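Subject: Structure handover

Hello,

Please find the structure below, with notes on what was found in it. The notes go through it topic by topic.

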Amino acid sequence: MLKYRAHPKREFRGAWIATVVNIDWPQQGSTVDQQKQQLVNILDQHQRTNLNAVMFQVRPAADAFYGRGREPWSKWLMGKQGQAPAPFYDPLDFAIAEAHKRGIELHAWFNPYRATFDNKYSALSPDHITNKKPEWFFIYGGLKLFNPGIPEVREYIVQVVLDVVDNYDVDGIHMDDYFYPYAIAGQKINDAATYAQYGSNFSDIRDWRRDNVNQLIKMLSDSIHKHKPRVKFGISPFGIWANKSQNPEGSDTRGGDSYYELYADSRKWIKEGWLDYINPQIYWPIGYSLAGFEKLLDWWGLNTYNRHLYIGQAAYRINERKIGAFKYPQQMPDQIKLLRNNPRVQGSVFFSSQSLTDNKLGFTDSLRLNYYKHPALPPVMLWLDSVPPNTPRNLQVAKVPNTNKIQLKWDAPLPAKDNELVYGYVIYRFEGSEKIDISAPDHILHIQYDANPMYVDTTAQRGKTYLYVITAIDRLKNESDRTPTMAVMVQ
């Protein structure tokens, strides 16, 4: 039986909401109203499971699930690339507002280099970048991919991301594992001419390719944090950086890798401090001979360089036939116990949203009833912001006449030392003679991502005495001291 750190107060709990080929959202052929309802249903379920983040895919293939940018509307929205939602709405604006209402962060998820998902190029919008700048792309496996070696390509991708940073209230910018393409037998990356033009500092094309990706990640990090210092930047690389047989610094695994195959030096990005979090996709079971979950968890734990480590977990593989371990209902819970036992790990992200809403093998029930039974605040990022808000003032608690409801009102705290505005509040509730202790999550009643200084507790029961305290949080979830306790008896 694995012992583990139960119910941390701070833990990143995310799910990827994939829009490419309508994996999670929206359902193909949906009207605008149906799309909105589907997204609300997804977020409602994740709120019930006490998730506190979603990675929402906004750019699957040089296209957009948002309106205030430079790329055409995604075909996975209304069925045709370039077609705006009608009646008009902005899916990213809508998703952010609905996520924040539920105390859920939204990280905008970009695929940086994939420009098409198939070879049906005639279906692309005339405004698609492959039609405007055909010289920026090579074809590999039937897909058009941005050529990362072209400086203008890197600048363009940074501008695409900054459209979202500047125009939307996102909590983070997130990228997945697709950099240079996964190898396909018999296929060759057609970038020799680009290497001849730009690679004079490198004697090996492979080192040049890695440097091209490194340059993009560094540019993105600098630009995102300059434009909005409170926006988090994270990447979810392939789970193996390099195998020990390839590189003495690598993991004790025998699988594909990101360093040599995808030219993605994911360890360097975290080591250099370019990322705020790294979220490796460890999509194998505990004890797997080629790439054991526990071995990769430990390896990444030793290679986080004081940034956050969230583990990508393969909820989509639950009950899979191919690897028997995923048919075992305890596989995912055991992974959670392992990552909670590692003090260098701050949480996890599940692929994908639909796998959680499907409750495969009852896993989502086990999250809701056990592992994620209590809400959790996202872990703080002290290198981005270490100044907590001041304490809320003048808390008043009163029973709403002729109901069991309790209304809490307070005044906003005085400005913080860094003059940052309060972003929200955490309401704690205790009963009777319970000791007031806010270091654990058991008594969190509500996490509020808005600055409205009021809350109504609709779950109070007649005949009980309740004690309330509240704290303020800022954008990066630094938490203030608590208010004095206020008591009320429900009669």
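Which residues of helix 10 are buried? They are Q331, M332, P333, D334, Q335, I336, K337, L338, L339 and R340, where buried means under 20% relative accessible area, exposed means over 50%, and partly exposed is in between (1.4 Å probe, protein chains only). Helices (H or I, at least four residues) and strands (E, at least two) are DSSP runs, numbered from the N terminus.

Before the rest, a note on the source. This is a predicted model, in which local features need pLDDT of at least 70 and side-chain atom pairs count only at pLDDT 80 or more, while totals for chains, interfaces and linings use all residues. Residues are numbered from 1 along each chain as its sequence is written, and side-chain values use heavy atoms, with hydrogens and water left out.

Helix 10 and its surroundings

The buried residues of helix 10 pack against strand 1, helix 9, strand 9, strand 10 (347-350) and helix 12. Contact here means heavy atoms within 4.5 Å. Two packed helices are described by the angle between their axes and the distance between the axes. For helix 10 (residues 331-341) and helix 12 (residues 363-371), the axes come within 10 Å and cross at roughly 40°. Helix 10 is therefore oblique to helix 12. Axes are lines fitted to C-alpha atoms, for helices over the stretch in contact, and angles run from 0 to 180 degrees between N-to-C directions; under 35 degrees counts as roughly parallel, over 145 as roughly antiparallel, 65 to 115 as roughly perpendicular and the rest as oblique. On the helix 10 side the contact is made by M332, P333, I336, K337 and R340, and on the helix 12 side by F363, S366, L367 and Y371.

Q330 lies in the loop between strand 9 and helix 10. With a relative accessibility of 26%, Q330 counts as partly exposed. Leaving out residues up to four places away in sequence, Q330 touches K337 and Y371.

In helix 9 (residues 293-301), the residues F293, L296, L297, W299, W300 and G301 are buried. Their cover includes helix 8 (266-271), strand 8 (277-278), strand 9 (308-313) and helix 10.

Salt bridges

Side chains of opposite charge can pair when their charged atoms come close. A salt bridge is a side-chain nitrogen of Lys or Arg within 4 Å of a carboxyl oxygen of Asp or Glu, and by this rule the count is 30.

One of them joins D169 and R475, at 2.6 Å from N to O. D169 lies in the loop between helix 5 (151-167) and strand 6 (172-175) and R475 in the loop between strand 16 (465-473) and strand 17 (486-489), so the pair ties together parts that are 306 residues apart in sequence. D169 is partly exposed at 37% relative accessibility, whereas R475 is buried at 14%.

R475 also meets D171 in a salt bridge, at 2.7 Å from N to O. D171 is in the loop between helix 5 and strand 6, and R475 in the loop between strand 16 and strand 17, so this pair ties together parts that are 304 residues apart in sequence. D171 is buried, at 2% relative accessibility.

R267 forms a salt bridge with E249, with the closest N and O atoms 2.9 Å apart. R267 lies in helix 8 and E249 in the loop between strand 7 (232-235) and helix 8, so parts 18 residues apart in sequence are tied together. R267 is buried, with a relative accessible area of 11%, and E249 is partly exposed, with 44%.

D44, E98, K101 and R102 are linked in a network of salt bridges.

Backbone

The peptide bond from A86 to P87 is cis, with omega near -5°. P87 lies in the loop between helix 2 (75-78) and helix 3 (91-101). Another cis peptide bond joins F351 and S352, with omega about -5°. S352 is in the loop between strand 10 and helix 11 (353-357).

Y263 is not a glycine but has a positive phi of about 60°. Y263 is buried, with a relative accessible area of 9%. N402, not a glycine either, has a positive phi of about 65°, and N402 is exposed, with a relative accessible area of 80%.

Regards
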